[in-house]
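The sequence and the model come first, then what I looked up.

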Amino acid sequence: DGVLVVHDAKSSASNPVDDSAENFSGSPTGTRSQDSTTITFTRLLSTGDTSDDVILTAGTSFRLTYRYASNGAEAVDYTNAVTSTVNFIVHNRNTVQVINTSTYDLWYELLDDWSGVTWTMRATTTGWVGLGLGGTALDDTDLVYGYIDEVSTNVIDAKSSGDSQPTTDATSNTSNAWGIMIDGVTTISFDRLFDTGDTSEDFIVPFGTAMSIVWAYGDTPSAVHTTST
């Protein structure tokens with residue numbers, strides 16, 4: 001009948017159960033064009049409603065499940081619904097995606113004082129994921145790579161050396177590193193100043209001018225060979 005209905009609810013084995021309060025910011029909108037339905041809504045990272053399980057934090061990763069079905073109307077029946085789960089990263093408004101491929105993604109976000117960048121790398125691998133700054137190939141290029149082992153996230157500030165193991169810098173100039181691995185996808189994030197003060201080992205990022213970026217990933221965390229990608 002052309003009326004948009006959007007529910008804030010809790011999923012269950014059968015029909016979802018509506019929350020006692022709807023925690024949308026503003027009014028949801030929706031359109032239907034031929035066989036395509038689009039619904040847009042805004043929700044705060046933290047709604048203040050403890051019945052909303054997920055309290056989201058910018059810069060973190062979580063599992064996002066989506067479902068849709070063609071049976072329409074108010075009765076949401078999961079029996080014939082298409083369901084999938086993806087790894088989703090919550091970014092701030094000033095986050096920019098630099099690289100977007102089927103196997104590797106890269107985002108950057110300026111630090112609050114504009115002194116550097118938060119880099120977030122994501123690749124379809126259970127091994128390592130890396131970022132080269134200022135080079136056109138992974139040969140003698142300033143490199144930061146990371147991997148997740150059984151107990152921790154490891155982020156290494158290094159110099160790439162072609163098809164052999166990168167050389168770890170004497171001083172690591174990254175901070176606030178975190179990582180997560182879900183369903184064969186590894187995400188690594190870290191902060192890096194434009195000018196680390198380490199001119200002998202780090203590429204000094206030119207603020208306001210173009211620079212080259214090299215991206216790489218591989219399958220074995222303990223044996224990083226930078227020609228993998």
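Which residue forms a salt bridge with aspartate 157, and how far apart are the closest N and O atoms? I found arginine 192 as the partner, with the closest N and O atoms 4.0 Å apart. For a salt bridge I required a side-chain nitrogen of Lys or Arg within 4 Å of a carboxyl oxygen of Asp or Glu. Aspartate 157 is in strand S12 (residues 153–161) and arginine 192 in strand S15, so this pair ties together parts 35 residues apart in sequence. I took strands (E, at least two residues) as DSSP runs, numbered from the N terminus.

Note on the source: this is a predicted model, in which local features need pLDDT of at least 70 and side-chain atom pairs count only at pLDDT 80 or more, while totals for chains, interfaces and linings use all residues. Residues are numbered from 1 along each chain as its sequence is written, and side-chain values use heavy atoms, with hydrogens and water left out.

Entry: burial. I called a residue buried at under 20% relative accessible area, exposed at over 50%, and partly exposed in between (1.4 Å probe, protein chains only). Aspartate 157 has a relative accessible area of 1%, so I listed it as buried. Arginine 192 is at 3% and is therefore buried as well. Shared partners join the salt bridges of Asp142, Asp157, Arg192 and Asp202 into one network.

Entry: other salt bridges. I counted 4 salt bridges by this rule. In one of them, aspartate 142 pairs with arginine 192, and the closest N and O atoms are 2.5 Å apart. That pair links distant parts of the chain, 50 residues apart, with aspartate 142 in strand S11 (residues 139–148) and arginine 192 in strand S15 (residues 185–193). Aspartate 142 is buried too. I also looked up aspartate 105 and arginine 122, whose side chains meet in a salt bridge at 3.3 Å, N to O. Aspartate 105 belongs to strand S8 and arginine 122 to strand S9, so the pair ties together parts 17 residues apart in sequence. I found both aspartate 105 and arginine 122 buried.

Entry: cavity. I worked on a 1 Å grid over the protein atoms alone, where a cavity is a set of points that a 1.4 Å probe fits but cannot leave, a pocket is an open set with protein on both sides within 12 Å along at least five of seven lines, and lining residues have an atom within 4 Å of a point. I found 1 cavity of 30 Å³ or more. The largest cavity has a volume of about 40 Å³. Arg192 is one of its lining residues, which also include Trp119, Phe194 and Val205. S9 and S15 each supply at least two residues of that lining.

Entry: pocket. The second largest pocket holds about 220 Å³ of space. I listed 13 lining residues, with Tyr108, Trp119, Phe194, Val205 and Met211 nearest the centre. Strand S8 (104–110) and strand S9 (116–123) each give at least two residues to this lining.

Entry: isoleucine 156. I placed isoleucine 156 in strand S12. Its relative accessible area is 15%, so isoleucine 156 is buried. Threonine 174 is 18 residues away along the chain, and the C-alpha atoms of isoleucine 156 and threonine 174 are separated by 8.3 Å.

Definitions and conventions. Points joined across faces, edges and corners; volume = space filled by probe spheres on them. Helix = DSSP H or I, 4+ residues; strand = E, 2+ residues; numbered from the N terminus.
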